[in-house]
Amino acid sequence: MNLDGSVQEPEKKECSPVCVGKEDNIKKSGRMTAVVHDREVVIFYHKGEYHAMDIRCYHSGGPLHLGEIEDFDGRPCIVCPWHKYKITLATGEGLYQSINPKDPSAKPKWSSKGIKQRIHTVTVDDGNIYVTLSNEPFKCDSDFFATGDFKVIKSPF
């Protein structure tokens, strides 16, 4: 309760931005890892834009920070080094090549599996990089490896 008698909403710790490093550092390396409110994330700097997502691949927990960034169908993706799953940097969609098996002359085309990897917000202020965790209410496949027993960095609490 505030001094004026009004009730203040509790701050949502998970939604507050966390400073993860300096802009100059990520521009040199192209990526960095961080722990934001007990969640491991990877931040990419690619073609002048920042992207953040859960660090473990939605498929089997592969280390996305070790993957290569490639363009597929005009969309920059991180390619998981374990099983070559392609995840768009901007939306977290899983991409795959599909083909119509009833059409022998059909060429493969890139299709979406839907959002599989949780994406987080990156902001820059005065040369500092901040990450704000997604507060989207939907269940995302990458949540499985970002929480519970599969977390690499365990909370001391």
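Colleague: How much of the protein chain counts as buried, and what makes a residue buried?

Modeller: Of its 157 residues, 39% count as buried. The word means under 20% relative accessible area, while exposed means over 50% and partly exposed is in between, using a 1.4 Å probe and protein chains only. Keep in mind that this is a predicted model, where local features need pLDDT of at least 70, side-chain atom pairs count only at pLDDT 80 or more, and totals for chains, interfaces and linings use all residues. Residues are numbered from 1 along each chain as its sequence is written, and side-chain values use heavy atoms, with hydrogens and water left out.

Colleague: What does Ile 129 touch, and what makes something a contact?

Modeller: A contact means heavy atoms within 4.5 Å. Leaving out residues up to four places away in sequence, Ile 129 touches several residues, including Val 18, Cys 19, Ile 26, Tyr 50 and Val 122. Tyr 50 is 79 residues away along the chain, yet the two C-alpha atoms are separated by 9.2 Å.

Colleague: How many helices and strands does the protein chain have, and what makes them so?

Modeller: Two helices and 11 strands. Both are DSSP runs numbered from the N terminus: helices are H or I with at least four residues, strands are E with at least two.

Colleague: Which strands make up the open sheet, and what makes two strands a pair?

Modeller: Two strands pair if DSSP finds at least two bridges between them. The open sheet has five strands in the order β5-β6-β7-β8-β9, with antiparallel pairing. Its edge strands are β5 (68–72) and β9 (109–115), because each pairs on one side only. For β5 and β6 (residues 75–79), there are five bridges, so these antiparallel strands pair. Across that pairing, Glu 70 stands opposite Cys 77 in β6.
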